[in-house]
Amino acid sequence: MRREKGEAVLKGKCLLEPLDFSVEEMDGLFADTERIIASPEKYSEACKGKILATLFFEPSTRTRLSFEAAMLRLGGQVIGFAEAASSSVAKGESLADTIRTVSCYADLAVIRHPKEGAPKVAAMNASIPVINAGDGGHQHPTQTLTDLITLKMERGGFEGLTIGLCGDLRFGRTVHSLIKALSRYEGVTFVLISPEELMAPEYVRRDLEMNGAVRFEETRRLQDVIHRLDALYMTRVQRERFFNEEDYIRLKDIYILDAEKMKAAKPDMIVLHPLPRVNEIAAEVDDDPRAVYFKQARNGMFVRMALILALLGIETA
Amino acid sequence: MVVIDSISKGIVIDHIKAGYGMKVLEYLGISANYNTIAFIMNASSQKHGRKDVIKIENLTDVDLTALGLVDHNATVNFIEDHVVVKKIKLRLPDKVTNVIRCKNPRCVTSSEGGVPHIFHLVDERSKEYRCEYCDDIVRAVE
């Protein structure tokens, strides 16, 4: 299988944050994803003999299962653990030693960790490619790949879009990564919708202020801006990120997207959500054709298949 | 009038912002137990009004990266045989390793031992640095 001219070669690289790949490399990955979606059966043995290690120091359903499903659909095998308690970390082993050991057994490692920057430390000590599958409230670059491929498939591209990000923008790592990735595309406008306590971190807002190619605004009320949006990215207020339960209870249901609010939205506005959802999107919205979050979850598996192939240097064309 | 002898060999850190002298010594990790130090606080200065000055005898090997962080307006004079042989104007370093620590309790550096504490300069005017791992922003001197 030959790679088309101009497509990216990502063999041996790590994906720790959304800007680790160039725009061209991302385009190559999206082209690979669309090829896989068109004929998944062609790739059912592409990773035969390869092993993926999934190191989940924090619970996950979607990300871990979608990585495992992606590797199994490529004909590869998976080893790993789903919580820190079932790893040697429970015995006091350092992250550096864990990843050095895993490098001896696997061809590629996926890591989720509650500490921010842990995947970078893992990559510094690994001899195999490392993928960040979420580090605390910091970044989640493979969810961003999922979000971007969905936006591309549903809206045709990113330039000039007005994107509302709503909910927990402070601890919402998927939001931080998505903003970072979309900031490279001309004419994007971000509308940041959150209560004051859950505003985007200083480093995210500072990057936006310094970026001349994009615009951003902040508001507290979803209903004031929903009519202007091309895409609405809803997020869950995450109980696990709060040190204080009272604050969580006060803020958890601050935004609820329902059929009434959707009436004010554009007919082609799409609703995205990294999932899991709690109360922030009413179940009645699921039947609205503009709600694409379950398609998004499906796309996540395919884009992770493309990512695994690219980092292992296996061509798709 | 306070009179302090000149030193024959060592360094003189001059033009330190008044009140920052102790912090400079702290950042440099220099102890009076092992070094002969003259520490002048709140001296009059034509340039700055008031300043601190530190003279350290028989020491020329100083981590200027750390010093630039505490007061980048200070100057360092290297003395040999009572003569200034080199004068360095400090600046804020673009990258510092193991000088400041991340205050974010969620940062991996708070729990994983042996990880170098690396920061990158983001804003020279406000002396703000960004953590290599968690992107948290800290002021170099508070």
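**Note on the two-chain model: interfaces and local features**

1. Start with the chain contact. Chain B and chain A bury about 1700 Å² between them, and carbon and sulfur atoms give 50% of this area. Buried area is the accessible area (1.4 Å probe) that two parts lose on being put together, summed over both. Arg106(B), Glu112(B) and Tyr133(B) supply 39% of the area that chain B buries against chain A, more than any other three residues.

2. A word on the basis. This is a predicted model, in which local features need pLDDT of at least 70 and side-chain atom pairs count only at pLDDT 80 or more, while totals for chains, interfaces and linings use all residues. Residues are numbered from 1 along each chain as its sequence is written, chains are lettered from A and ligands numbered from 1 in the order in which they are written, and side-chain values use heavy atoms, with hydrogens and water left out.

3. Who takes part in the chain contact? The contact takes 19 residues from chain B and 21 residues from chain A. Contact means heavy atoms within 4.5 Å. There are five salt bridges between chain B and chain A. A salt bridge is a side-chain nitrogen of Lys or Arg within 4 Å of a carboxyl oxygen of Asp or Glu. Lys120(A) and Glu132(B) form a salt bridge through their side chains, at 3.6 Å from N to O.

4. The rule finds 12 residue pairs in polar contact between chain B and chain A, both residues at pLDDT 80 or more. A polar contact is a pair of N or O atoms within 3.5 Å; within protein, one must be able to donate a hydrogen and the other to accept it, and residues adjacent in sequence count only if both atoms are side-chain atoms. On chain B, the elements giving two or more residues to the side that touches chain A are strand S7 (118-123) and strand S8 (128-131). Strands (E, at least two residues) and helices (H or I, at least four) are DSSP runs, numbered from the N terminus. By class, this side of chain B has nine nonpolar, three polar and seven charged residues. Ala, Val, Leu, Ile, Met, Phe, Trp, Tyr, Cys and Pro count as nonpolar, Asp, Glu, Lys and Arg as charged, and the others, Gly among them, as polar.

5. Now look inside chain A. Chain A is divided into domain 1 (18-139 + 300-311) and domain 2 (141-297). Domain bounds come from an automatic or database domain assignment. The C-alpha centres of these two domains of chain A lie 25 Å apart. The contact takes 29 residues from domain 1 of chain A and 26 residues from domain 2 of chain A. Together the two domains bury about 2400 Å², 61% of it on carbon and sulfur atoms. On the domain 1 side, Phe30(A), Arg62(A) and Gln139(A) supply 26% of the buried area, more than any other three residues.

6. Two salt bridges are counted between domain 1 and domain 2 of chain A. The side chains of Arg173(A) and Glu58(A) meet in a salt bridge, at 3.3 Å from N to O.

7. Helices and a strand build the domain 1 side in chain A. Helix H1 (23-38), helix H2 (62-73), strand S4 (130-135) and helix H10 (293-311) of chain A each supply at least two residues of the side of domain 1 that touches domain 2. H1(A) gives the most to this side, with seven residues.

8. Chain B also has two domains. They are domain 1 (10-89) and domain 2 (95-139) of chain B. Seven residues of domain 1 of chain B are in contact with six residues of domain 2 of chain B. These two domains bury about 520 Å² between them, 72% of it on carbon and sulfur atoms. Thr65(B), Leu69(B) and His72(B) supply 72% of the area that domain 1 of chain B buries against domain 2 of chain B, more than any other three residues.

9. Some single residues deserve a check. Thr109(B) sits in the loop between strand S6 (95-97) and S7 of chain B. Thr109(B) counts as buried because its relative accessibility is 9%. Buried means under 20% relative accessible area, exposed over 50%, partly exposed in between (1.4 Å probe, protein chains only). Not counting residues up to four places away in sequence, Thr109(B) touches Cys102(B), Val115(B), His117(B) and Tyr133(B).

10. Last, the backbone. A cis peptide bond joins Leu275(A) and Pro276(A), with omega about 5°. His15(B) is not a glycine, yet has a positive phi of about 60°. His15(B) lies in strand S1 (residues 10-17) of chain B. Asn98(B), also not a glycine, has a positive phi of about 60°. Asn98(B) is exposed, because its relative accessible area is 53%.
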